[in-house]
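Good morning, colleagues. Please take a moment with the sequence and the structure before I turn to packing and backbone geometry.

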Amino acid sequence: MARKKKELPLIENVEIVDVAAEGKAIAKVDDLVVFIPYVVPGDVIDLQITRKKNKYAEGKPVRFISYSPNRTEAFCEHFGICGGCKWQVLPYAEQLKYKQKQVEDNLTRIGKIELPGIHHILGSEKTQFYRNKLEFTFSNKKWLTLEQINSGESFDNMNALGFHIPGMFDKVLDIDKCWLQEDISNQIRNFIRQYCYDKNYTFFDLRNRGGLMRNLIVRTSTTGELMVIVVFYDDEKDQQQYLLTAVATEFPQITSLLYIVNQKANDTITDQEVLVWKGNDCIYEEMEGLKFKIGPKSFYQTNSEQAYNLYKIARDFANLSGDELVYDLYTGTGTIANFVAGKAKKVIGIEYVEDAILDARVNSQINKIDNTLFYAGDMKDILTQDFINEHGRPDVIITDPPRAGMHDDVIKTILFAEPERIVYVSCNPATQARDLSLLDEKYKVEKVQPVDMFPHTHHVENVVLLVKK
């Protein structure tokens with residue numbers, strides 16, 4: 001006999017007291033901490049516990065008794081369903097306050113090192129339409145909202161083009177208007193979806209692996225260039241041709257129209273052949289007169305305008321005079337390396353992804369930068385004592401690792417290299433704080449500058465300057 005599922009309690013009249021990780025907020029019920037999405041500090045709610053552990057619980061609001069004075073209206077019709085932009089109901093000034101606090105708490109509690117005063121967070125001038133890249137998924141399993149289910153409407157067409165529902169790997173929310181990327185992205189997505197409806201094109205069935213339409217990627221740049229990548233699953237040449245012709249005709253402003261046939265198990269395109277239907281095989285971004293090539297597989301910071309501010313801070317912290325050897329770790333497509341090269345004697349960039357290093361070299365060539373060198377490989381395998389003995393001890397190290405932070409071996413090599421200054425750019429202040437505590441053996445933190453790259457989310461970047469003790 002199956003065990004009866006334990007009924008979890010409904011708790012009335014609970015005040016939200018703080019903001020937590022992952023865009024959730026906190027309520028305290030007796031000694032129990034409860035994490036709740038889509039609420040803000042000051043809200044008073046009836047709370048349904050959805051999951052209970054020994055030391056904490058998760059829940060959802062079932063009724064708002066009163067709203068916080070620090071609350072604003074969500075501007076997106078998909079708020080609360082698609083899983084993105086969870087802080088839309090928090091005024092932007094409040095978002096920045098909590099991001100600043102997140103940086104301070106992480107550096108203090110995890111780093112446990114001596115800190116200077118932390119500079120006030122640099123907010124993003126754009127808080128809507130700030131992204132330069134979005135990826136959408138075609139699915140034959142549309143996510144239905146409670147309102148749709150209860151409407152009595154019949155849903156014969158279960159195809160959708162939009163974002164995956166969190167925790168539901170094969171369910172996709174049909175997106176009408178997304179506020180993350182400039183509106184041409186919405187126009188292109190909605191046109192393609194309607195065309196596919198009209199022509200009875202099949203949408204991808206993730207469980208059974210079949211269907212024509214798989215993914216859509218739209219990339220924009222501040223130079224006005226526009227890249228669209230249509231990813232098919234079934235290799236139906238006629239249907240592909242009709243769709244791509246229609247898109248090219250409807251949107252002549254597309255400068256790079258590309259397509260891929262991806263029949264493997266996952267959606268990543270890094271190992272796929274990209275074919276040009278119309279225009280160029282790349283777009284370009286510009287920064288201080290420098291051009292950066294962005295191919296379909298290239299990484300580029302997704303908030304272009306704020307990336308410029310981030311890189312300026314990193315360059316200012318590096319305090320280059322023109323005589324320095326700079327190591328740029330986790331260089332990606334060499335954006336930071338090329339950005340600081342004009343103020344350095346030589347810059348050596350290291351990155352795991354080989355395609356990114358090829359882009360980095362191209363970016364140096366097109367900008368006539370001749371004092372950069374780039375190496376591809378695992379950071380802990382390349383950045384060794386032998387490498388430093390061969391290329392010289394760096395005067396400055398700039399490091400911009402992924403969310404997991406730096407490998408212990410990389411930190412040991414940095415400590416061996418003993419640069420005068422380290423500029424640590426991080427998208428995860430928690431792992432940054434852990435790394436700073438290890439670097440504390442020889443370095444002290446001199447400056448800290450948080451930067452907001454992603455309004456309406458809990459994510460925050462942080463730039464730290466370390467100097468040799």
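By contact I mean heavy atoms within 4.5 Å. This is a predicted model, in which local features need pLDDT of at least 70 and side-chain atom pairs count only at pLDDT 80 or more, while totals for chains, interfaces and linings use all residues. Residues are numbered from 1 along each chain as its sequence is written, and side-chain values use heavy atoms, with hydrogens and water left out.

Let me begin with Ile192, which touches Phe138, Met213, Leu216, Val230, Leu243 and Val247, leaving aside residues up to four places away in sequence.

A nonpolar core is a set of buried Ala, Val, Leu, Ile, Met, Phe, Trp, Tyr and Cys residues joined through side-chain atoms within 4.5 Å; buried means under 20% relative accessible area, exposed over 50%, and partly exposed in between, with a 1.4 Å probe and protein chains only. The largest such core has 80 residues, and Ile192 and Val423 are among those with the most contacts inside it. Because domain 2 (95–127 + 303–468) and domain 3 (133–287) both contribute residues, this core lies between them; the domain bounds come from an automatic or database assignment. Another core, of 36 residues, lies apart from it and includes Leu96, Ile414, Tyr424 and Val460.

I turn now to the backbone. Most residues other than glycine have a negative phi. Phe129, however, has a positive phi of about 55°. Phe129 is partly exposed, at 24% relative accessible area. Glu418 likewise has a positive phi, of about 50°, and is partly exposed at 33% relative accessibility.
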